[in-house]
Amino acid sequence: MTTTVSQDILPTGQSLDAARVEGERTYALDRAHVFHSWSAQEQITPMTILASEGSYVWDGAGNRLLDFSSQLVNTNVGHQHPKVVAAIQEQAAKLCTIAPQYANDVRSEAARLIAERTPGDLNKVFFTNGGADANEHAVRMARLHTGRYKVLSRYRSYHGGTDTAINLTGDPRRWPNDYGNSGVVHFHGPFLYRSQFHAENEQQETERALEHLDQLIRLEGPNSIAAIVLESVPGTAGIMVPPPGYLAGVREICDRYGIVFIADEVMSGFGRTGKWFAIDHFDVVPDLITFAKGVNSGYVPLGGVAISEKIAATFANRPYPGGLTYSGHPLATAAAVATINAMEDERIVENAARIGAEILGPGLRGLADRHPSIGEVRGLGVFWAIELVADRATKEPLAPYGASSPAMNEVIAACKAGGLLPFANFNRIHAVPPCTVTEAEAREGLAILDTVLDIADAHRAS
Ligand SMILES: Cc1ncc(COP(=O)(O)O)c(C=O)c1O
């Protein structure tokens, strides 16, 4: 196992010794006062982060870790990108905050830059504070536009932690929040590796998943359904790239029944898959796109809904009944302007595509050749999942759905000890570094995974 590199001085300029002392205080105060998301508070030991730069973070002991998680898959331009940091600083000096009813230069410019990059005629942008509230508002818009209430979303998905968004979510985090009255109905999306449709190839998976969706709509009552909400490529649920024809088929079904198609690009958008939006791989134009995370790399909270002309027209002479104090906050939208311009100038989206096609894709498939614990490798750009299994033939996962396991905990701990911060979910390790990741960094991450996967191999059923 490689040991991680420590430095005497952090990228912040602080000495490591001083930072460590500060880190100890940080941790003690965290445990005394901070209430963490999704957690049993007494059972967690949050990693202290002292500094970050590019593709790396430094933990409380001063160890440098390669961030193959991009935190929560949001630091698309890497940590502390100097142009984005400078834009936030300049904006803070100029105008920290202004209420949403006023026109503001950076909000206007961010909306223009986003509208220019979204497909089709999604020309208006409603800004929110993050991804969950973007989905809340997209659903509200769809319900008011159609005059219908029910919403469909897939199992194996994540759409956010607020009330409607968590009910759209198709993972176990919904269960304790689901009172059965949200108006959301779930369906099975395509996932050939664990096909619900007994499909043997992508074409069958597409046809059968579309047939299932169409059947579900006819049984639920097409005139009661406002929207279908889908991650263009489901992220946290496992990076299942939809097979050819599936999203085009969903578009056709939505058109047939007058249903609004909402593409959730909160995780998959802004370069993550090697295109501005994941849906661009499929040549499909949804009615609404929700975004957050990569829009400004999460440097300041920001999300939003990109809205088609048709849906925007619904609210041309009728007030849209929704808003937020911080809609289009200047610090957040200044960060978005700087992020999008940096991505354009530095060809960051192209870098994500190239790293995926030339390094991560082939590298991870190479790991699958060497490590029998890998059941499947899938992804695009800098958006990859490896599915770890106890048995390749039965596909028994290395941790059950919705849970962890001692084997997975060992694998994750070994990643960290080896200098890699992974994104892990159930039986999967995701390789989701910043879109700015270099070839050498991507190879470094693959080498650490190669070592660590011996542990997963040892946990296979004999
Ligand atoms: C696809 C998707 N939608 C929505 C969200 C929720 O975004 P936020 O945490 O900013 O509310 C997430 C967060 O991970 C996500 O991955």
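Predicted model: local features only at pLDDT ≥ 70, side-chain atom pairs only at ≥ 80, totals over all residues.

Modeller: Residues are numbered from 1 along each chain, and side-chain values use heavy atoms, without hydrogens or water.

Biologist: What makes a space a pocket and not a cavity?

Modeller: On a 1 Å grid over the protein atoms alone, a cavity is a set of points where a 1.4 Å probe fits but cannot get out, whereas a pocket is an open set with protein on both sides within 12 Å along at least five of seven lines. The largest pocket has a volume of about 2,400 Å³.

Biologist: Which residues that line the largest pocket are the closest to its centre?

Modeller: Lining residues have an atom within 4 Å of a point. There are 50 for the largest pocket, and Ser37, Trp38, Leu72, Phe423 and Ala424 are the closest to its centre.

Biologist: Why is the largest pocket said to lie between domain 1 and domain 2?

Modeller: Domain bounds come from an automatic or database domain assignment. Domain 1 (16-80 + 348-458) and domain 2 (82-345) both give residues to the lining, so the largest pocket lies between them.

Biologist: What volume does the second largest pocket have, and how many residues line it?

Modeller: The volume of the second largest pocket is about 300 Å³. Its lining has 14 residues, with Pro100, Arg107, Val125, Phe126 and Ser327 the closest to the centre.

Definitions and conventions
Points joined across faces, edges and corners; volume = space filled by probe spheres on them.
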